[in-house]
Amino acid sequence: MPRYGIDIVNLTLTIITTLHHPSLNDQEPTRRRRALNKRHPHPKLFSGLLEGFREFVGARRRVTRCAPRRRLEPTAEKREATMAETILAGTTVAAVMADLAALENPQIRAVNANHGDDHGVNLTQLRAVAKRLKTQPELARELWQTGDTAARLLAILICRPKAFDRDDLDRMLRAAGTPKVQDWLVNYVMKKNPHAEELRVAWFADPDAVVASAGWALTSERVATSPDGLDLAGLLDLIEAEMKDAPERLQWAMNHCLAQIGIEHAEYRVRALAIGERLQVLKDYPTPPGCTSPFAPAWITEMVSRRLPIENTPPT
């Protein structure tokens with residue numbers, strides 16, 4: 001019997017026993033008690049009730065002690081979830097590659113080729129596959145080893161970022177190949193990895209421009225989130241001296257850092273705007289309507305203007 005059921009029965013027995021107390025049946029009842037006895041012959045009534053309750057409770061306790069505890073069957077939802085986990089645990093690289101091949105779209109591949117990427121999978125559909133697979137570190141490593149761009153993007157989405165050591169990430173970055181893989185690797189994996197700061201310092205001045213661009217991307221993250229210890233003036237000196245003639249990916253990363261300094265640090269905003277105007281990097285970059293231009297002065301101005309109503313709100 002559930003605990004609350006036993007409590008209710010015990011309370012009922014207490015009430016009945018109290019009503020059955022001898023003081024209610026004394027030899028010389030008062031006038032009020034005699035009138036009550038005529039309307040409610042409680043002594044006999046409660047004696048019967050009391051005996052019945054005692055028999056009932058004794059029977060219930062005997063049944064409770066003897067009856068085996070019933071095992072609850074899992075719900076249909078729980079059975080389906082368990083089955084799905086079992087299926088996912090057995091997912092093979094071949095099966096995933098077949099799914100990615102089915103999502104291949106020649107038109108998407110043509111568009112991506114203009115940006116240096118070599119896959120034809122819609123990224124929304126790719127994310128849906130990742131959501132279905134969930135986190136699978138071993139499968140992620142196997143997908144990465146295929147060298148296929150779509151498979152590597154999927155691997156980034158289903159991996160466990162903190163599971164990679166410093167050497168793993170260094171090798172993966174140097175083998176990333178396409179801009180999209182590098183971008184996702186830095187933003188979805190390296191920024192969440194405990195070796196991020198160590199790698200930022202190591203990559204910042206790497207002779208490989210692609211690797212150096214990752215160092216600059218991690219630096220931009222620090223400019224925005226944890227700038228203490230960074231030499232912001234020194235970063236502006238480097239940008240002013242080297243960004244104009246830097247390779248494309250490195251130039252883009254340095255430009256991002258320039259914009260972040262101007263957006264996040266008001267004391268350097270005037271200088272950041274002046275550097276952007278003088279270098280004119282990405283000024284003519286095609287920007288769709290409603291989007292913010294990557295040209296640093298336009299980018300800084302737009303983002304600061306969005307923050308002004310908040311920054312100028314007096315404290316309450």
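This is a predicted model: local features need pLDDT of at least 70, side-chain atom pairs count only at pLDDT 80 or more; totals for chains, interfaces and linings use all residues.
**Entry 1: Val-210**

Is Val-210 buried, partly exposed or exposed? I looked this up and noted a relative accessibility of 25%, so Val-210 counts as partly exposed. The cut-offs I used are under 20% relative accessible area for buried, over 50% for exposed and in between for partly exposed, with a 1.4 Å probe and protein chains only. Val-210 is found in helix α13. I recorded that helices (H or I, at least four residues) and strands (E, at least two) are DSSP runs, numbered from the N terminus.

Leaving aside neighbours within four places in sequence, I found Val-210 in contact with Gln-182 and Arg-249; contact means heavy atoms within 4.5 Å.

Residues are numbered from 1 along each chain as its sequence is written, and side-chain values use heavy atoms, with hydrogens and water left out.

**Entry 2: The whole chain**

I counted 17 helices and 0 strands in the chain. The chain has 316 residues, of which 34% count as buried. Among contacts between residues at least 6 apart in sequence, I noted that 65% join residues at least 24 apart.

**Entry 3: Helices α13 and α15**

I next looked up how helix α13 (residues 209–225) packs with helix α15 (residues 248–264): the angle is about 10° and the axes are 8 Å apart. Axes are lines fitted to C-alpha atoms, for helices over the stretch in contact, and angles run from 0 to 180 degrees between N-to-C directions. The two helices, α13 and α15, are therefore roughly parallel to each other. That label belongs to angles under 35 degrees, while over 145 counts as roughly antiparallel, 65 to 115 as roughly perpendicular and the rest as oblique.

On the α13 side, the residues making the contact include Val-210, Trp-216 and Val-223. On the α15 side, Arg-249, Leu-250 and Met-254 are among them. By class, I recorded 12 nonpolar, 5 polar and 2 charged residues in this contact. Here Ala, Val, Leu, Ile, Met, Phe, Trp, Tyr, Cys and Pro count as nonpolar, Asp, Glu, Lys and Arg as charged, and the others, Gly among them, as polar.

I noted a relative accessible area of 16%, so Gln-251 is buried. Not counting residues up to four places away in sequence, Gln-251 touches Met-243, Lys-244, Ala-246 and Val-281.

Asp-245 is found in the loop between α14 (232–242) and α15. At 72% relative accessibility, Asp-245 counts as exposed. Asp-245 and Leu-279 are 34 residues apart in sequence, and I noted 9.8 Å between their C-alpha atoms.

Most residues other than glycine have a negative phi. I therefore looked for exceptions to this rule. Gln-280, which is not a glycine, has a positive phi of about 60°, and Leu-282 has a positive phi near 65°. Gln-280 lies in the loop between α16 (269–279) and α17 (296–311), and Leu-282 is found in the loop between α16 and α17. Gln-280 is partly exposed at 30% relative accessible area, whereas Leu-282 is buried at 17%.

**Entry 4: Pockets**

What volume does the largest pocket have? I recorded about 930 Å³. On a 1 Å grid over the protein atoms alone, a pocket is an open set of points where a 1.4 Å probe fits, with protein on both sides within 12 Å along at least five of seven lines; lining residues have an atom within 4 Å of a point. Grid points are joined across faces, edges and corners, and a volume is the space filled by probe spheres set on the points.

The largest pocket is lined by 24 residues, and Pro-179, Lys-180, Asp-183, Arg-249 and Trp-252 lie nearest its centre. By class, this lining divides into 9 nonpolar, 9 polar and 6 charged residues. The helices α6 (106–113), α11 (179–189), α13 and α15 each supply at least two residues of this lining.

For the second largest pocket I noted about 160 Å³ of space. Its lining includes Arg-141, Trp-144 and Phe-164.
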